[in-house]
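Welcome! Let us walk through this structure together, one region at a time. Have a look at the picture, and then we will begin with a group of strands.

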Amino acid sequence: MTIKPDLSAQIPAELGAVHFVGIGGSGMSGIARLMLGDGHRVTGSDVRDSANIAALRELGAEIAIGHDAANLADDIDTVVVTGALWEDNPEYRLALERGLPVLHRSLALAALISGRRLVSVAGAHGKTTSTGMIVTGLLALGEDPNFVNGGVIEGLGVSSAAGDGELFVVEADESDGSFLLYDTSVALITNVDPDHLDHYGSREAFEQAFVTFADGARELVVVSSDDAGAKRVTEKLSHEHVVTFGQAADATVRVHSVETDGPVSFAVDYAGATYRATLRIPGLHNAINAAGAFAVLVGLGFDPEASLAGIARFAGTGRRFELHGTVGGVSVYDDYAHHPTEVAAALSAARTVVGEGRIIAVHQPHTYSRTQTFAKEFAEVLEQYADETVVLDVYGAREDPVPGVTGALVSERFADPAHVAFVPDWQQAADYTASIARDGDFVITLGCGDVYRIVPQLLGSLERERG
């Protein structure tokens, strides 16, 4: 079983020397980077080395590979953990035995945010991109925000940074309710598509958490006008200052005239004026994400035209339609999409730029509960938006295996089995993908687990097949 972090734990007045268990993830590494910037001694551990860990080491962090009680030095004052740790983690167990403060990463972030004007970005999808757009826009406007994002912002090369300004922008995690911990000034809700029902238990409870999150914002709520769940949340809000964005006719910031042939172009109507932009990234969903970021920036008091121009500088984030290489005319991309709505958005964006080529999706289902709940929906969107699909086995993450729940639950639900293959062995999956690929095709790995690690195998198989 994974740990159940105590989100009500008392944050120490002084954190002192901080040890991060699972320091390599985007969120944890971002918080660790800010802790280092604040002058804390930072140590940590993770199961494998990574670029995030290398960057933290360069900044002075002491990081061990592998979890071991010996990693927790005697002079550590505070331990920071993620909800993905197992209860028998030796560093976690030793911290409890010593009586050290053990903080969920969201509590550590709350300690860093204290006293700042906070923009919190929440939603089942689009958080990382929207956060990156807001940060990019603020920098273009001459601001110097603090930020912690769930992915590396292209052009900046980091997922977090300490700024000198009053603004703090965070990707707020709704998966375990921790987004309710923050003293938010401006709340952005990208959508409220049902997810994380293993934590909330029901769609109604999931949506109520967003109502609580939004009504707690001090200044402004920015919320999707199009998403069905977001609309239900909006109807329940008692907040006095709510701004909507999207394609709906009554949206405060209305997106229209969208052109998706290549990098997406669009117009937004706001306060009686029309503003136009072309992004550096494809997809209708990114035009809508940009409208939400625009609504936040103008809500903070910035000039509309300059705000949209700043957002248009955004060049994407790591693991969002990220090109890793091209071999023999076949391009290999990676994307974090792990919910049916996200998969549909990623593949429809790819469709606008693939031209005459085909899309081959390599899908890694994420968690047993999500796979069991959404197997039919995954099959439907993969069959609709991809030409061929290779399904890997489930990445369990924080969950124990569930008998009978494998990637086959998705592949077996395709209406036409000729265009899908369940291949749990990664090398066999890479070889099979290379064998069906043609000039001009896009191969796209999909999932928020470790599916990105198959990319070198895909490129190697393509080299052998087509080199």
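Strand E7 and strand E8 (residues 158-161) run antiparallel and are joined by three bridges; strands count as paired if DSSP finds at least two bridges between them. This is a predicted model, in which local features need pLDDT of at least 70 and side-chain atom pairs count only at pLDDT 80 or more, while totals for chains, interfaces and linings use all residues. Residues are numbered from 1 along each chain as its sequence is written, and side-chain values use heavy atoms, leaving out hydrogens and water. Helices (H or I, at least four residues) and strands (E, at least two) are DSSP runs, numbered from the N terminus.

Six of the eight residues of E7 (residues 146-153) are buried, so the strand is largely enclosed by the rest of the structure. Buried means under 20% relative accessible area, exposed over 50%, and partly exposed in between (1.4 Å probe, protein chains only).

Now for the aromatic rings. Eight aromatic pairs turn up in a search of the whole structure. Rings of Phe, Tyr and Trp (its six-membered ring) pair if their centres lie within 6.5 Å; planes under 30 degrees apart count as stacked, over 60 as edge-to-face and the rest as tilted. Phe179 and Phe210 are edge-to-face, because their ring centres are 5.2 Å apart and their planes are at 70 degrees. Phe179 lies in the loop between strand E9 (167-171) and strand E10 (186-189) and Phe210 in helix H7 (residues 203-215), so the pair ties together parts that are 31 residues apart in sequence. Phe179 counts as buried at 1% relative accessibility, and Phe210 counts as buried at 0%. Ring pairs link Phe179, Phe206, Phe210 and Phe213 into a cluster.

Our last stop is helix H9, where Ala290 lies. At 0% relative accessibility, Ala290 counts as buried. Leaving aside neighbours within four places in sequence, Ala290 is in contact (heavy atoms within 4.5 Å) with Met133, Phe266, Leu279 and Ile311.
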